[in-house]
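This report describes a single protein model.

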Amino acid sequence: MDNQQMRREAFKRDALAWLVVRHLLPAGLLLELMGAIVARWSKDNLTLNDLAEFRMSAGEPVLASLAFLPHPQVEPLPRALKQFIQLIVWQGDQTLSPTLGESGEDPHDLASLEAALLLSHQDLTRIELWGERFSPGDELAPIMHSMQVVASQTSVSDIAAVEATLGAYQDSPLAILVLKHLGDLAGDADRWEVAEALYQRAGDLIHANQQDGWEMLLTSMETVVGQSQAAAVLMTQGPDAAAAMLDQLIAAADKGNPLPMLNAGFDALAAHLAADNIGALRLERGSVLLAPQLIGAHQPGNGLGNALEGRHRDAHRWFWAVLRRQIALGSAAVSRDTKAAYARSLLDEITTELGKHHSEENFALAVRLLLESGRERAADAVPWDARLVETYVTAPLIETARAIASRHQGASGERQRVLVSLTRGWAEQLAPDRSDLALSLIGILAEIAGRDGHARVLGGDLRTKATKALGLIGRRRPEFAPVGAECVLQAVLPHFKDAGWLTVMEGLDAAEPFIAELSPETLTALVEQVLALIGEGSETNDGSPLLRSALNLLSHNRILSMARNPEDPIGRRVARTMVKLTLQTGAEHRRLMYLLRFLGPELIDDPIDRSRLDQVVTTLAEGALQVSSSGAAECVSALLVAPAVSGALGIEAALDGLTAILDNAARQRFAFGAADAYDPLLQLARNHEEIARTANLKPTHLLARMQALEAPIVALWARAAGEPAIFNGFALPPPTEPNRVIVHNWTFASLAFAEAIGRRQAIEAALAKAEANGSLRDAMQTARAVRTSLDGAPFDPRAIAEQPREAFYAALGERLVLLDSLGPTERAEILGALIERCLLVGPSGLDAAIFTAALQHDVSVARSPWSDGYRARMRADVALRHSMIPLLEHVIVDSRAEQ
């Protein structure tokens, strides 16, 4: 048997194990491994040449590259194996598509290949979990066992125990490669002593086992293991020892082995420089020119590395060097990614240099590169700085961007998607007084949104994207609604007749934030269009997302005010249409109850509709008892919000549902129904007297039912103290940390409810216990801070001194408002406590209010390390230092200077 045949049999026998360490093989041996896998998994019915054409570059084997040119495949197994080989060549740690291959107990099943791929990119922190979730079989057991042993080790004394797990590979180079892989995993876990010992043992095995047929692999592994050992020594002993090892590795290298000079040369230079060995600057280092005419040889990694370190000038040089080579080779795809990265680096540099250097040319270049890249997600990800937008986004620049986006027909679709992202991002950061620029940006979006046809490009409907951007601007920058309202409506109204449902839905959502600024004529036209769209209560309407958007728009306060006016014919049509549609559509029953509270139940004037309304109450009562559903709390809230409609039985059903939700949350592993149950608690706390009166319930009876909820609330918080993640809605995978908003709202509602039922002690005790959990503490303290004035204790100096930043500033407004109600002595004490706390958790622009109040009441504090730290942080904040320093100077008294 010749050497190649011997390796082929070794690869076939232990293919899964070789797959785990495939990244350590040179291209030629990797090709042999892939051939062995194809033969084994096809039962020798297929070869590599059946799947693809492979071309190896000439020259030194360790420097060889491999080209993969796939053949078309139709049958499942060849297609799956071809995809598998492609994933190996890509080196991206992807996994096989779940639709490829067949499941079952067949040992040739592709599931075992998938298991090997997964195991190959697991680290030591996950190996125990991985072992529980997968059953890779005996072939992978030695590697998985060895990883588990290394993961559990705390010292370097048990390397023999690790090696013992690899006994199945004792006559194969696999033992060396696996030990090297385990050392890499230990280094990744920052356990460099263990890594060094594993590398040392792998090196010893290389020198002791020069096996026939594996000479080229062992020679290259000697270099790789030696360099890795030097990397570990750099961590454990320092740069001097590492530099000596690397020098020896390079000097001892055979002339036929170029890896030491090429791979270790730069590390040697870096180690010598770290050791202050200036003579190292004369060290010779090798370089590699990757195939110049392969686009894949020109990647922006150096540019990205320099950009991450803030060396933007070097980054720009590298980006341009790569970009011009990609363009020279005719790359239309890869060059776009480089343009996007180049643009982001330019923007990061310009933002960093704000106030120091001004470069309209570079900003314009960044905008052009982003547009030319066509990379919409890259544009979406830019964190636009308000100062950057104020400085560089001008009317001429906006027009230039528009022109670039429309310059070439073939690229206009993707460029205009980027233009939509840019205009939205700029509009969100514009200064409030730049309504002229806001109108220009809204005009661009409205023009795109108002076009005929779908203008579909890769990534979806351009018109829909522009329409959605208009809605976002309307909601996030309402001050621009007066200048853009008519423009937006003229763009979206035509869609209601000829566009797809998604574009129409986005049009409805986009129109809603502009309704308050519409002229009466435009508003009437909008309402007419929406009523025509949803059929004015047609029985055929099925509660689609489109209907939901239409009802959201019609629920705007301005339109509902029209609906309440009996003299307004359009308004009455709106009211009757909304009532009929929400009666007919089960998904909208909750909205109906809110609507009837606002408009009045007298709108139900048809006997059939009244019968339907009774059924709605029954349906909501049933939904309130579906405790495992996230909609249960919404059903309870809907019954409580319109007690005149729900009646006594509906309110009783709501209380039954709320009790069941809380009981379930205290017992079950997942309690999605309780995530929003704070809302009905708050409704009861605030409105229980009105609810009792309107629903014809005795107030004492309702109060007694509410008091019965005390025990379930206490039980819920008792569970949360140990399992804070129960404060979450439904999500996959289930979150492991609580949702801060839900925790805040539950805390606020629990305190309000305890106050309403006149029983604070038990609930307060449960909250205090839960607050000891760090995952809950900050959100709970913020909720307490917001309730300070409501709970009657806003001025506890000790509480002020212990509040975290978020809670401190959340309570600040209430405290400042109530300062004047205090006597001079207490006011001075509280102001001193507020100043001391802001010196620790600030700076914030809100501190100006504290300092101003202190000046008005002649209050100051002594200079301290905390005030010095605050001053330093403030000076570093460009937005605060000029306005806040004068106030700070009068509030902080330097007793040392006075002496």
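## Overall make-up

The protein has 49 helices and six strands; helices (H or I, at least four residues) and strands (E, at least two) are DSSP runs, numbered from the N terminus. This is a predicted model, in which local features need pLDDT of at least 70 and side-chain atom pairs count only at pLDDT 80 or more, while totals for chains, interfaces and linings use all residues. Residues are numbered from 1 along each chain as its sequence is written, and side-chain values use heavy atoms, with hydrogens and water left out.

Along the principal axes, the C-alpha atoms fill a box of roughly 95 × 85 × 65 Å. Of the 899 residues, 49% count as buried (under 20% relative accessible area, with exposed over 50% and partly exposed in between, for a 1.4 Å probe and protein chains only). Contact means heavy atoms within 4.5 Å. Among contacts between residues at least 6 apart in sequence, 66% join residues at least 24 apart.

## The largest pocket

The volume of the largest pocket is about 2,200 Å³. A pocket is an open set of points on a 1 Å grid over the protein atoms alone, where a 1.4 Å probe fits, with protein on both sides within 12 Å along at least five of seven lines; lining residues have an atom within 4 Å of a point. Grid points are joined across faces, edges and corners, and the volume is the space filled by probe spheres set on the points.

The pocket is lined by 50 residues, and Leu63, Ser65, Gln91, Val288 and Leu290 lie nearest its centre. Elements that each supply at least two lining residues include α3 (27-41), β2 (66-70) and α12 (215-236). The largest share, five residues, comes from α14. By class, the lining has 29 nonpolar, 16 polar and five charged residues (Ala, Val, Leu, Ile, Met, Phe, Trp, Tyr, Cys and Pro count as nonpolar, Asp, Glu, Lys and Arg as charged, and the others, Gly among them, as polar).

## Helices α44 and α46

Helix α44 (residues 805-818) packs against helix α46 (residues 847-856) at an angle of about 35 degrees, with the axes 10 Å apart. Axes are lines fitted to C-alpha atoms over the stretch in contact, and angles run from 0 to 180 degrees between N-to-C directions. On the α44 side the contact is made by Phe808, Tyr809, Leu812 and Leu816, and on the α46 side by Asp847, Ala849, Ile850 and Ala853. This contact has seven nonpolar, no polar and one charged residues.

## Val641

Val641 lies in helix α34 (residues 632-641). Val641 counts as buried because its relative accessibility is 8%. Not counting residues up to four places away in sequence, Val641 touches Met593, Tyr594, Arg597 and Gln683.
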